[in-house]
Amino acid sequence: MKVKTACPMDCYDSCSILAEVDGQGNIKLEGNPEHPITKGALCNRGRQLSIRRNSENRVLRPLKRVGDTFVHISWEQAIAEIAAQVQATLDEVGHHGIFHCYDWGSGTLLKNLNQRFFYGLGGCTETVGSLCWDAGLTAQTYDFGRANSHAPEDTAEHARAIVVWGRNVANTNVHMTPFIKTAQARGAQLVVISPLSQDLGRRADKCLYPRPGTDGLLALAALRVCRDRNWIDHDFIREATLGWDAIAAELDMYDPETVASLTDVPVEDIYWLAELYGCTRPVATILGIGMQRYAQGGQTVRAIDALVAATGHVGVPGGGVSYAQRQLASFFDEEALTGRSKADVREFERATQAADILAANPPIRVAFVTRTNPVLQVPDSALFRKAFASIRCKVVIDTFMTKTAEMADYVLPCTNVLEEEDVAYTTMWHDYVSYVKPVVAPRGEAKPDWKIFSDLACALGRPEIMEGSVDVWIKRALSPWPQEKVAELKECGFVKLDVPSVAWADRKFGTPSGKFEFASSLAVADGHHPVARIEIDKLQRGTEMYPYVLLTIHPRKWQLSQRETFPEGRGECPIVEIGRGIANEQGIADGDFVYVENERARIRAIARVQAAGHAKSVRLEIGWSGQGVTANDFTDTRKADFGSQSAQYDCFCSVVRAPAHEEEPSQRELSAIAPATTGK
Ligand SMILES: Nc1nc2c(c(=O)[nH]1)N[C@H]1C(S)=C(S)[C@@H](COP(=O)(O)OP(=O)(O)OC[C@H]3O[C@@H](n4cnc5c(=O)[nH]c(N)nc54)[C@H](O)[C@@H]3O)O[C@H]1N2
Ligand SMILES: Nc1nc2c(c(=O)[nH]1)N[C@H]1C(S)=C(S)[C@@H](COP(=O)(O)OP(=O)(O)OC[C@H]3O[C@@H](n4cnc5c(=O)[nH]c(N)nc54)[C@H](O)[C@@H]3O)O[C@H]1N2
Ligand SMILES: [Mo]
């Protein structure tokens with residue numbers, strides 16, 4: 001019998017899955033063909049869920065550090081000892097001495113219960129802000145009131161042109177591709193804007209390869225051309241927007257010739273882009289997350305919003321600036337699960353948590369890490385390792401011995417999603433949520449996160465904190481839903497939440513004025529310029545020593561650091577994809593060994609020379625570690641302009657050919673060469 005369940009990964013797509021277990025306990029996963037968005041296709045990462053579930057490397061029993069090694073201990077011992085550490089921290093320094101470091105490694109509803117435990121103790125210190133998408137969310141909050149996306153079907157049916165601007169669709173949002181193909185079959189144009197060449201580019205009518213971090217200039221220069229040629233939607237501007245005159249008056253700063261030299265986009269392509277937005281109707285803009293991980297990342301998203309709005313693509317079928325899907329939040333009562341409003345929480349921003357740990361007063365005495373692998377994923381790994389090491393008792397809850405778990409005092413085994421009941425509710429794109437049904441029993445001694453925290457609450461003499469059952473909690477969190485909808489979710493495996501398929505069609509925006517705000521009072525209140533503005537002297541540039549941009553972007557095949565079940569994911573010597581400008585300057589040929597270096601780190605890597613893409617950019621997949629460092633040893637903890645967002649793509653390096661006598665690859669390095677597939 002096939003069980004309907006869902007992928008919990010931090011991803012746009014949120015797939016519905018059909019799982020089948022054979023007599024030998026093998027689990028076969030396939031996409032659920034009934035799901036209108038994911039339509040029966042499951043990506044590499046989704047298929048990995050069963051391999052991760054059955055992996056021989058999975059942590060299956062609680063582990064305790066003894067000296068340099070880990071020993072198995074019983075759950076009773078683990079819970080008693082950790083509870084004692086929590087109690088000692090409460091007695092010595094109070095609840096702020098407890099640190100909950102979490103992220104979205106699993107995007108299901110009941111994972112909110114992890115927070116409930118800490119809030120029930122009165123509060124804690126926890127991670128807030130984002131390594132992911134917050135600058136863009138804040139930008140769209142200033143402009144629109146919220147980040148709302150168009151339904152994929154709307155883009156497929158109505159767009160005359162689709163601009164995929166900084167989203168790596170073919171790798172990170174694979175179920176978007178069929179919708180794009182449908183639009184193309186109707187004759188819609190496809191444009192891809194990304195410094196690194198993308199697999200989707202092969203299907204595109206045009207690709208632009210801007211210098212990383214300069215898209216805001218590109219958008220404002222195109223908007224200036226539209227203003228000068230009167231390719232502006234005056235009706236929309238008059239009826240539904242605020243502050244057009246203010247931004248229009250600033251556009252003279254973005255002279256196309258100058259912008260061409262700063263963005264490395266040919267000036268004729270800037271005019272071409274202006275004409276696309278000004279004269280094609282409607283244009284759908286699909287924004288990615290990569291472009292806002294820069295010093296002016298928030299302003300960049302505002303600049304693109306302004307271009308799209310002024311040229312009349314907002315609130316119309318086939319248009320929009322789809323960045324995220326934030327309309328779903330009102331469908332869930334997270335507070336019922338977390339109880340955050342009653343807690344006293346000290347906040348550490350994810351980007352800068354290491355410095356905060358080191359400076360904390362009261363100090364952090366015990367740390368819990370759930371749903372994240374911060375040693376690999378937080379910028380400036382060296383600083384994070386130092387801060388984490390300074391904590392007296394470190395508890396990591398995970399299914400694998402991650403680099404963070406390797407530093408822990410206790411590693412507690414949690415269940416894999418195929419062993420859990422829950423609701424997958426964090427789609428970044430469409431409006432379907434899915435039911436997570438257990439496919440197999442937990443392996444070994446693994447327990448769901450909530451059960452681990454419930455056991456800890458009992459050991460602390462506070463069982464009431466985590467009182468409840470899966471059924472009751474799901475009911476509480478779905479209390480805004482009519483009963484039939486909950487039943488439908490369980491029966492069908494997924495439901496549509498019916499958010500509007502065209503964002504802002506009623507032109508009633510969520511901003512203070514109710515209009516689209518070219519000039520935003522919220523931005524001003526947060527200390528920013530009222531309208532989108534890119535300051536040329538704030539563009540980050542490399543140095544003579546480290547001239548190239550190092551983009552540590554998301555892996556093609558796997559999810560971030562979750563690569564332990566891929567043989568090719570374990571290579572000590574990574575592939576770096578380098579622009580042809582670097583290859584020419586440094587005399588590097590495809591397949592050469594190179595050194596990638598900056599002030600903070602140095603690695604030996606294998607170069608893949610890219611025929612297309614920005615000529616002076618380097619791609620190294622994030623989540624890699626080896627040679628004693630991680631990809632985030634290259635980055636630092638600088639922040640973007642808006643929200644609480646890291647700017648880890650403002651990162652520079654040198655690339656040089658390894659000397660001839662070092663050309664001989666080792667066995668381990670050879671294992672990494674094999675899978676180098678997509679070097680173009
Ligand atoms: N296969 C796979 N899929 C994933 C993930 C994964 O790890 N692997 N992770 C998931 C998560 S957590 C997230 S947040 C999403 C992220 O998915 P995306 O939105 O696709 O974001 P990124 O992967 O960060 O970067 C995507 C693109 O941004 C481009 N980019 C970088 N800098 C700039 C710039 O300055 N301008 C422009 N125009 N483009 C730029 C890069 O060239 C890259 O192609 O993907 C999710 N899906
Ligand atoms: N330099 C650089 N840094 C980046 C990025 C980048 O592009 N470049 N991308 C950033 C982005 S977009 C993001 S979202 C962050 C993400 O950073 P992380 O959230 O740290 O991402 P993952 O590497 O996927 O690690 C998730 C961990 O959670 C575990 N896990 C999965 N499910 C569960 C569960 O149910 N319970 C528990 N307890 N654990 C679970 C997995 O096994 C895995 O070890 O990284 C950011 N860091
Ligand atoms: Mo992310």
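The model is predicted. Asp-498 lies in the loop between strand S20 (494–496) and strand S21 (516–517). Phi of Asp-498 is near 60 degrees, a positive value in a residue other than glycine. Most residues other than glycine have a negative phi.

Gln-627 also has a positive phi, of about 55 degrees, and is not a glycine. This residue sits in the loop between strand S27 (625–626) and strand S28 (629–630). Gln-627 counts as partly exposed because its relative accessibility is 32%.

Two cis peptide bonds were also found in loops. Most peptide bonds are trans. Arg-281 and Pro-282 are joined by a cis bond, with omega about -5 degrees. Pro-282 belongs to the loop between helix H12 (267–279) and S12. A cis bond also links Asn-361 to Pro-362, with omega about 0 degrees. Here the loop runs between helix H15 (353–359) and strand S15 (366–370).

Strand S12 spans residues 283–287. Five of its five residues are buried, and the strand is mostly covered. In a regular strand the side chains alternate between the two faces of the sheet. In S12, Val-283, Thr-285 and Leu-287 point one way. Ala-284 and Ile-286 point the other way. Both sets are buried.

S12 belongs to an open sheet of five strands. The order is S10-S9-S8-S12-S13, and the pairing is parallel. Strand S10 (206–208) and S13 form the edges, each pairing on one side only. Strands of a sheet pair through backbone hydrogen bonds. Strand S8 (residues 161–165) pairs with S12 over five bridges, in the parallel sense. Five bridges also join S8 to strand S9 (residues 189–193), again parallel. Ile-162 takes part in both pairings. Its bridge partner in S12 is Ala-284, and its partner in S9 is Leu-190.

A hairpin of four residues connects S24 to S25. Within this pairing, Glu-597 has Arg-602 as its bridge partner. S24 also pairs with strand S29 (residues 652–657), through four antiparallel bridges. Val-596 stands opposite Val-655 in S29.

Ligand 1 is surrounded by 34 residues. The closest are Tyr-12, Ser-194, Asp-215, Arg-293 and Tyr-294. By class, this shell has 17 nonpolar, 11 polar and six charged residues. Oxygen atoms of ligand 1 lie within reach of several polar side chains. An N or O atom in the side chain of Thr-172 is 2.7 Å from an oxygen of ligand 1. For Ser-194, a polar side-chain atom lies 2.7 Å from a ligand 1 oxygen. For Tyr-649, the corresponding distance is 2.9 Å. On its own, ligand 1 has 910 Å² of accessible area, of which the protein covers 99%.

Ligand 2 has 31 residues around it. Thr-372, Asp-398, Ser-561, Gln-562 and Asn-632 are the closest. Seven nonpolar, 16 polar and eight charged residues make up the shell. At least three residues come from each of domain 2 (63–128 + 343–417 + 438–469) and domain 4 (540–671). Polar side-chain atoms again approach ligand oxygens. For Asp-398, the distance to an oxygen atom of ligand 2 is 2.6 Å. The distance is 3.0 Å for Arg-52 and 3.1 Å for His-554. The protein covers 96% of the 930 Å² of accessible area that ligand 2 has on its own.

How values were computed: Residues are numbered from 1 along each chain as its sequence is written. Chains are lettered from A and ligands numbered from 1 in the order in which they are written. This is a predicted model: local features need pLDDT of at least 70, side-chain atom pairs count only at pLDDT 80 or more; totals for chains, interfaces and linings use all residues. Side-chain values use heavy atoms; hydrogens and water are left out. A residue is near a molecule or strand if one of its heavy atoms lies within 4 Å of it. A polar contact is a pair of N or O atoms within 3.5 Å; within protein, one must be able to donate a hydrogen and the other to accept it, and residues adjacent in sequence count only if both atoms are side-chain atoms. Accessible areas come from the Shrake-Rupley method with a 1.4 Å probe; for residues, only the protein chains shown count as cover. Ala, Val, Leu, Ile, Met, Phe, Trp, Tyr, Cys and Pro count as nonpolar, Asp, Glu, Lys and Arg as charged, and the others, Gly among them, as polar. Domain bounds come from an automatic or database domain assignment. Buried means under 20% relative accessible area, exposed over 50%, partly exposed in between (1.4 Å probe, protein chains only). Two strands pair if DSSP finds at least two bridges between them.
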